[in-house]
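Colleague: I am new to reading structures. Could you walk me through a few features?

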Amino acid sequence: MTAYDVIVLAGGAAKRLGGADKPGVRVGGRALLDRVLAACDGAARTVVVGDRRATSRPVVWTREVPQGGGPLAALDAGLRLTSADHVLVLSADLPFLGPGTVDALLAAAQPGREGALCTDPDGRDQPLVAAYRAEPLRRELALIATEHGNLAGLPLRLLTAELDLVRVDAGPDAAFDCDTWGDIAAARARIREHEAVLDEWITSVKNELGIDLDVDTGVLLDLARDAAHGVARPAAPLTTFLVGYAAARASAGAGPDEAAAAVAEASRKATALALRWEAEAAEAVKSAESAGQGGDAAGGPAGGAKPDTGREGTGTP
């Protein structure tokens, strides 16, 4: 995989949000900035240009000069703190950015080209969802600063127009940014759509609990179903908790791969147990039905009770 640093621009005025702290606005229970940081956690160094705040992982902080000087000034400030040959440049308001888009951009920004940027569904360039080779990026920023005296207030198109860039179509969501409260509302609604809600929820829970673990959610859902059906409905959450506890104990001190394997093994055992319980319950129902239809082996009625004989031992009333 290509080694890279990342610069996240998080210092805008957010005028269309009424001056709200946009990087801190939560979508799916996570700050927009944290969602972006999660997509590029493979960076050697992460530089955030903006006001300091609590983040989900360590970053290096800086500010553009002057503050509020715009994206080129912010990019220049961040670039001064990077050293990798490739630099990922992102805005802090991308709720659906994922590692797949990051990988695609880095793969496209290879020797022979000076970078790669995403395009949105309408074909517009998104220079803040991009990967650049650091040397031509520094060169063009220096030339622009020399020509205009400084970088403050200048548009990004002055930079991208001079670079040899590959366009990457990363799908409809990767470049979706949140400029207005309507955008925020749309993003919050989208993550609750049926196809996405479980993955979004699991990712948010892992982030909240500090868990770096990939597990097969299908296996856990099947386990919960089998426990609920074969034992009792409350058994579902309790069983998945116990599986997690057993896996944590079995993989104490191990890495994420070993922990994921421990979860899979504990799930397998618990599922087998739930299926045995279900089989026993089915056998009990079958036995009860059989007894009700034909009596027991001793010739008595269902339940094995003896007939009322009146006086003990006489068989007569």
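Modeller: Start with Gly69. At 4% relative accessibility, Gly69 counts as buried, because buried means under 20% relative accessible area, exposed over 50% and partly exposed in between (1.4 Å probe, protein chains only). This is a predicted model: local features need pLDDT of at least 70, side-chain atom pairs count only at pLDDT 80 or more, and totals for chains, interfaces and linings use all residues. Residues are numbered from 1 along each chain as its sequence is written, and side-chain values use heavy atoms, with hydrogens and water left out.

Colleague: Where is Gly69, and which residues does Gly69 touch, not counting those up to four places away in sequence?

Modeller: Gly69 sits in the loop between β5 and α2. Helices (H or I, at least four residues) and strands (E, at least two) are DSSP runs, numbered from the N terminus. Contact means heavy atoms within 4.5 Å. Leaving out residues up to four places away in sequence, Gly69 touches Glu64, Leu151, Ala152 and Gly153.

Colleague: How many residues of α2 are buried?

Modeller: In α2 (residues 71–79), 8 of 9 residues are buried. Among them are Leu72, Asp76 and Leu79. The buried residues of α2 pack against elements including β1 (5–9), β6 (86–91) and α4 (134–148).

Colleague: How many disulfides does a search of the whole structure find?

Modeller: A disulfide is a covalent bond between the sulfur atoms of two cysteines. The cut-off is a pair of cysteine sulfur atoms within 2.5 Å. The search finds 0 disulfides. For Cys118, the nearest cysteine sulfur, that of Cys40, is 13 Å away.
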